Every structure is written in structure tokens, then in C-alpha cells.
Amino acid sequence: MRGEYKVVGGKLVAVDLEVVDGRLADVSVSGDFFLEPDEALADINGALTGMPVEAGAEQLASAVTGSLDESVHLIGFSAEAVGIAVRRALGKATGWHDHEFDVIPATVMHPALHVALDEVIAREVASGERPPTLRFWDWDSPLVVIGSFQSVRNEVDPDGAARHHIDVVRRISGGGAMFMEPGNCITYSLVVPESLVEGLSFERSYSFLDEWVIGALADVGVDAHFVPLNDIATDAGKIGGAAQKRFVSGAVLHHVTMSYDIDADKMLEVLRIGREKMSDKGTKSANKRVDPMRRQTGMSREAILESFTRSFMARYRSHEATYTETELAEAQRLVDEKFGTEAWTHRVP
């Protein structure tokens, strides 16, 4: 059996092994990483040999770490990466190329429906009714989408929201508020099986699932990089942020919103962006945080969406798809019974 894992920003780790009586045997770790001293490779192989096949990535990584003393340096990889490669060899974890993705182009609808579709699509991916899915958002009206654990009264100025006729909806993932007007942002949701992030911490899974869009941004001339925990930025400042939700059913929702052309003055009238939140961004004005992709690319929003779609489909096995009538009906039901209700929107005082 063979498994491979490419460390984000690092090297490739490969593991060849056999299974004998429910335990790992003949384990051989290889790759284009660096390891000092050389003899430590035998220690890593020895630590994995005899481990039960049920061992998770964390347990395998712990065994590797426990076999090495302080003089050993793993360069370009980690014990965690070795554990993930082992799990992939055993078929317990998967890589991008183990899946075929549905890609749904930007579809105009009320943003609350997109929030509901996150839950609908995640259920289907978990149950196997739909393959892993990347879908782009487009919307027909302004809305503030707040994180699952945010307080409406702390995040939204009711007078500003009323003045600009902007409603509020709470999504199922954590993170911060999204100020959404038609055409002002680029937003997508990626729903994958949990096996794709098997062995990755929550923190590392963000950069792992964002890796493709860093490449897609480069394709449109934006030199972007990932900033922990969940930001995407350029030298000119932050351009986007990600949020995640892991479902007990076995699916992971990862969505990203990037600024395209935001009316910063209106945003400041609608959102309460406190000094404390701004202080860790190193800026005094929220206006400076908005770094529209329109200025960096010179491209229309539609052209960027088309380029992103091409970038993803060129990188991974995928095909273009659409929403089903059943999915749209279920999303509308969730809006009526959950996402559009006062009880859900104001569940955090």
C-alpha cells in the first residue's frame, strides 16, 4: 500500500507499507524532504512498524515524535504529515485527486438561500448523494451574513442597516460578518468529505483547503498568501477570509469571501467594527482593510469568477453541475423555518 501527502508550502511525504495481522509492517517513508541526521529515517520507520491499522493520524504522529530526540530536525515536513500519508496508504484518508468534484457556477438568488444551501449540500456530500462540491455565490439583494456565534447587536448597527435596507442572516459556520451587496464580493463554498482533511488540525485545514485559490489568484495576477488563522492577503492588505463548519455526518464546509468592490463608507454605517478588532490588523481605519480585487486585477468580477472556475477544474477532476429542484426547495424550506426566523438570527443576544 502507498500513500502520499504534500505539505502545504513544504515537501512531499510518501509511505509504502503492508498490513500483517492488523498492524503496519515493512513501513518505508520517503520523499523530497530534508532530515538530519540521516539515521533518523530508520527510527521513523521503526516507530510506525507494528502500529495498529486503527491508529489515527495524531496517534501515528505521536509515535514518530516519541521516537526522535531533540537533535533530529524534520525540514519541509512533519510527524503529522507522515501520519496523514500512512492514513492515505490505508485508505482512511483521501487526497484531492481521489475525488471528482461538482462545480456550480455563480447563480443569482437571495443570499439567505445560499446560506441554506451550505447546509443542504453538506448533508448530500456526507451521505454520498452529491460528490464534493465547489459552488460560487451570486445574489440579488444586499445582506449582512454574520457568523454562527456572533451577536447581531454587537455586529450590526440597526439604524444603518435600516437606512440602507439591508437585512441580516446568520450562517452555520463561525467567523466574522460579511457585508454583501450585488457585485461587491467574490464568495464560494467548498464542501468536501472529512477524509480530505483527515489528520489535519482545524488551523492547518484552512491553509490546505485554500491552497487552490492562492493559485487561482496568481492566475489573475494577484500575488496572495495565507495568513493564519483564516485570512487571504497580499502585500497591499487583506483581501478575504475563510470560515469552516465540520458536520458530525462527515462533511466539511469551507467558504471564502473576497473583496471585489466594496462601498467602505456604507459598510462602516452598517457594521460595528470596533477598535479592538481593528487593532490586530495594524490599521486605524476600516476603509484601509478593503482592498478590492478590481483594482489589483483590472478585471470584471464575472471574468474573475470564470478564471477561478477554470483554475479549479484544471487542477482537479471535476465537471460543471447545477442545483436540483429538490435542493432549491429544501433550501427555501430552511430559510422559512430556520435561517429567516428571528429565533435563529438572534440566537446569540
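A salt bridge here is a side-chain nitrogen of Lys or Arg within 4 Å of a carboxyl oxygen of Asp or Glu. The model is predicted.

Q: How many salt bridges are there between domain 1 and domain 2?
A: The count between the two domains is two salt bridges.

Q: Why is the pair R204 and E80 called a salt bridge?
A: The closest N and O atoms of R204 and E80 are 2.8 Å apart. The cut-off is 4 Å, so the pair qualifies.

Q: Where do domain 1 and domain 2 lie in the chain?
A: The domain assignment gives domain 1 as 2-90 and domain 2 as 96-346. Their centres, taken over C-alpha atoms, are 35 Å apart.

Q: How do you know that the two domains touch?
A: Contact needs heavy atoms within 4.5 Å. Eight residues of domain 1 are in contact with nine residues of domain 2. The two domains bury about 780 Å² between them, with 50% of it on carbon and sulfur atoms. In domain 1, V8, E80 and R88 lose the most area to domain 2. Together they make up 53% of what that side buries.

Q: What makes E198 and R87 a salt bridge?
A: Their side chains meet at 2.9 Å, N to O. That is within 4 Å, so the pair counts. The two residues are 111 residues apart, with E198 in the loop between β11 (185-193) and α7 (202-219) and R87 in helix α3.

Q: Why is R87 called buried?
A: Buried means under 20% relative accessible area. R87 has 11%, so the word applies.

Q: What makes R135 and D118 a link between separate parts of the chain?
A: The side chains of R135 and D118 meet in a salt bridge of 2.9 Å, N to O. R135 lies in strand β7 (residues 133-139) and D118 in helix α4 (residues 111-127), so the pair ties together parts 17 residues apart in sequence.

Q: How do you know whether R135 and D118 are buried or exposed?
A: R135 has 1% relative accessibility. D118 has 1% as well. The limit for buried is under 20%, so both residues are buried.

Methods
Residues numbered from 1 in each chain as written. Predicted model: local features only at pLDDT ≥ 70, side-chain atom pairs only at ≥ 80, totals over all residues. Heavy atoms only, no water. Domains from an automatic or database assignment. Buried area = accessible area lost by both parts, 1.4 Å probe. Helix = DSSP H or I, 4+ residues; strand = E, 2+ residues; numbered from the N terminus. Buried < 20%, exposed > 50% of the residue type's maximum accessible area, 1.4 Å probe, protein only.
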